[in-house]
Amino acid sequence: MYFRVAGRDVHLPKLIGAFILFASLLMFVQSSAQMFDSWDNLKHYDSCILKINSNASLDGQRAEFNSCSDTLYKATGIVVREDVPKLTARQFWSGLLGSIASLLFWLAILFVGYVLYRSGDLVIPIEERIVTEPEHQRKRRK
């Protein structure tokens with residue numbers, strides 16, 4: 001037994017696939033741009049920390065550090081403490097892996113949209129089970 005969603009004139013799965021394909025393509029481009037932006041901000045933070053003038057006053061150094069860490073926080077959400085100004089490996093990868101996961105998610109949705117778009121119609125098989133009753137149960141019902 002098959003349940004048919006589309007017929008000869010109805011192209012509903014293809015239309016849904018086209019919308020999913022277009023939306024996921026836009027989100028894939030957006031998440032890839034966000035991934036590269038996160039990478040650039042993480043690398044900029046390292047160079048910003050190294051440029052802090054060690055000859056400046058303590059308040060000047062704190063102001064420069066706060067500027068660097070504030071920029072990183074606004075871009076990636078990573079909080080850097082003053083006592084450990086260098087990024088740990090966990091902080092670095094937590095700032096980057098969310099963007100990579102988002103990129104791979106939208107790539108998978110892009111594939112699903114492509115499969116729906118390429119299918120002319122959607123046929124969903126429904127299981128049909130035929131059970132025969134033994135003879136002694138048939139006689140009791142009569």
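Start at the N terminus and follow the elements of the protein chain: they run β-α-α-α-β-α. This is a predicted model, and the chain in it holds four helices and two strands.

Next, select residues 12-50, which form helix 1, and then residues 58-76, which form helix 2. Give each helix its own colour, and keep both on screen for the next stop.

Now show the side chains of Cys-48 and Cys-68. What joins Cys-48 to Cys-68? A disulfide does, with an S to S distance of 1.7 Å. The pair qualifies because the cut-off for two cysteine sulfur atoms is 2.5 Å. By this rule, the count of disulfides comes to one. Cys-48 sits in helix 1 and Cys-68 in helix 2, so the link ties together parts that are 20 residues apart in sequence.

Turn the view to look along the S-S bond. The angle about this bond is -65°, and the link of Cys-48 and Cys-68 is left-handed.

Are the two cysteines buried or exposed? Cys-48 is buried, with a relative accessible area of 18%. Cys-68 is buried too, at 6%. Both values count as buried because the limit is under 20%.

Finally, zoom out to the whole protein chain. Of its 142 residues, 21% count as buried. Its accessible surface comes to about 10800 Å², and carbon and sulfur atoms hold 61% of that. Among contacts with a separation of 6 or more, 69% are between residues 24 or more positions apart.

Definitions and conventions. Residues are numbered from 1 along each chain as its sequence is written. This is a predicted model: local features need pLDDT of at least 70, side-chain atom pairs count only at pLDDT 80 or more; totals for chains, interfaces and linings use all residues. Side-chain values use heavy atoms; hydrogens and water are left out. Buried means under 20% relative accessible area, exposed over 50%, partly exposed in between (1.4 Å probe, protein chains only). Contact means heavy atoms within 4.5 Å. Accessible areas come from the Shrake-Rupley method with a 1.4 Å probe; for residues, only the protein chains shown count as cover.
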